[in-house]
Amino acid sequence: GPALLGGCVPADQPAPPEAAVTAPGGWSGALPGAEPVDAAWGRRFGDPALSQVVETALAHNVDIAIAVTRVREARAQVQLARAALFPSLDASGAASHSRSVNAFGTAAESSAAQPLVQAAYEVDLFGRIDDQLSAARSSWLASGTARDAARLSVAAATASAYVTLLGLDARRGVVRQTIQARAEALRLARSRAEAGYTSQLELRQAESEYQAAALILPQADLAIARAENGLRLLIGEVPGPVERGRTLSQLAAPGVPDAGLPSDLLRHRPDIAQAEYALAASDSSLAVARKQFLPTLRLSASLGAVYNSELPDTLSIWSIGGQILAPLFEGGRLRANADAATARRDQAAFAYRKTVLTAFREVEDALANVASLSRQRAVAEAQRVAIADTLRHATNRYQAGYSGYLEQLDAQRALLSADLGLVQLRADQLNALVTLYQVLGGGWQEGS
């Protein structure tokens, strides 16, 4: 009876309890944020060109295209699994024309035909086929969320690459301004040396500083070219220039988003949903492996006709029957298959835990990064003001003959470093906000 059959099935093993995840009550690095995390976060930078490259990347990025084809494949697997719930119907036909000789040496010719229609159906006694369908459906949903995760990743990477490109543009602008300033300082040092007011040492120092600034320019051009090529790859295009909209200083800094509670994150990130669906698929696959121990019932029927020129009438033929297949000895194959399915389910459970813990860490890191960069920029701006004032005093003292060129030289170097650092901090702050919106889910909603 059912109890006897059930005794053949391996005991159901629940997922390891250590794979469970408990969300913390709040973020340790929580920031006061009021901006909602929605899909339009990229438009908050106020640059139509940035929005355009993100849209282009979402439409033409190769990684997204690959993810879309995987969704189509998984959808086909669902249709394949669903087909097992319906009977199969096949038609066949056989025809022949023959000539034979009987025992008396008389030849005879005959024609024959036998059309036949066959039907077969497996009765899902214990829900094994339904579990196969559930596994395929969960895998399809997982592929859909994997596609959404790829879209979010590409959108964030594209926005960050564009911001980085504007940062490199701003860096090149600082270098050009420095070259112009040092060209003027070199002209003044040359005129003073020719008039005998300063030594050749100071002239050579001014020339050296001018060339040092000029050397940075081709390095900045190379970095810009490489950044453009990287961005073009993200949007699915061959290497080439990228159209800009606003400058780095003109970009609007999006507000700090509302991080919500850590438990909310479980519903707002596509990669977590993907891991959850993968776990559900592995559970269904495990159920299928366990039910392989149970009997299967297959029904079959056929209907046809026999025609032969030697017979006066056409004969109808039919058959109907059933087959029960119960595994008795498989050499441990079924148990090994069930053990492997259990291990894969446990792997999926731990993979889900890892995905969730990684998500919590990414949000905490992003919150800490936003807060740290804000403090760094405040200090850097105050330092820049002090260095600019130092350079002004050093220049006045040098021109008045109260000090040598070395004081002015040190201040020039410090100001260039401070300006480049501020440009980098500005780009880093914007990219940190991009990352924060990304790790909070980017406004993802299932089925969107």
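**Reading the features in turn**

Analyst: In this predicted model, Asp 38 counts as partly exposed because its relative accessible area is 28%, and its side chain meets that of Arg 44 in a salt bridge with an N to O distance of 2.9 Å.

User: Which salt bridge does Arg 147 form, and is Asp 148 buried or exposed?

Analyst: The side chain of Arg 147 meets the side chain of Asp 148 in a salt bridge, at 3.1 Å from N to O. Arg 147 is partly exposed at 23% relative accessibility, whereas Asp 148, with a relative accessible area of 9%, is buried. For the pair Arg 333 and Glu 330, where the bridge is 3.1 Å from N to O, Arg 333 is partly exposed at 48% and Glu 330 is partly exposed at 37%.

User: Which residues do salt bridges with shared partners join into one network?

Analyst: Asp 169, Arg 172, Asp 221, Glu 228 and Arg 244 are joined in this way, and the count of salt bridges in the model comes to 26.

User: How many residues does the largest nonpolar core have, and which of them have the most contacts inside it?

Analyst: A core of this kind is read as a set of buried nonpolar residues joined through their side chains. Here the largest one has 40 residues, and those with the most contacts inside it are Trp 41, Phe 45, Val 163 and Leu 248. Helices H2, H3, H4, H5 and H9 each supply at least two residues of this core, with the largest share, 14 residues, coming from H4. Beyond its neighbours within four places in sequence, Val 163 is in contact with residues including Phe 45, Leu 248, Ala 427 and Asn 431. A second, separate core has 22 residues, among them Tyr 352 and Leu 422.

User: What is the volume of the largest pocket, and which residues lie nearest its centre?

Analyst: The largest pocket has a volume of about 500 Å³, and of its 19 lining residues Ala 39, Trp 41, Leu 58, Arg 151 and Gly 442 lie nearest its centre. Helices H2 and H4 are the elements that give two or more residues to this lining, which divides into eight nonpolar, seven polar and four charged residues.

User: Which element gives the largest share of the lining of the second largest pocket?

Analyst: That share, 11 residues, comes from H4, while H8 and H9 also supply at least two residues each. The second largest pocket holds about 400 Å³ of space, and Gln 177, Thr 178, Ala 181, Leu 391 and Leu 415 are the closest to its centre among the 22 residues that line it.

Conventions. Residues numbered from 1 in each chain as written. Predicted model: local features only at pLDDT ≥ 70, side-chain atom pairs only at ≥ 80, totals over all residues. Heavy atoms only, no water. 1 Å grid on protein atoms, 1.4 Å probe; cavity = no way out; pocket = protein on both sides within 12 Å on 5 of 7 lines; lining within 4 Å. Points joined across faces, edges and corners; volume = space filled by probe spheres on them. Helix = DSSP H or I, 4+ residues; strand = E, 2+ residues; numbered from the N terminus. Nonpolar A, V, L, I, M, F, W, Y, C, P; charged D, E, K, R; others polar. Core = buried A, V, L, I, M, F, W, Y, C linked by side-chain atoms within 4.5 Å. Buried < 20%, exposed > 50% of the residue type's maximum accessible area, 1.4 Å probe, protein only. Contact = heavy atoms within 4.5 Å. Salt bridge = Lys/Arg side-chain N within 4 Å of Asp/Glu carboxyl O.
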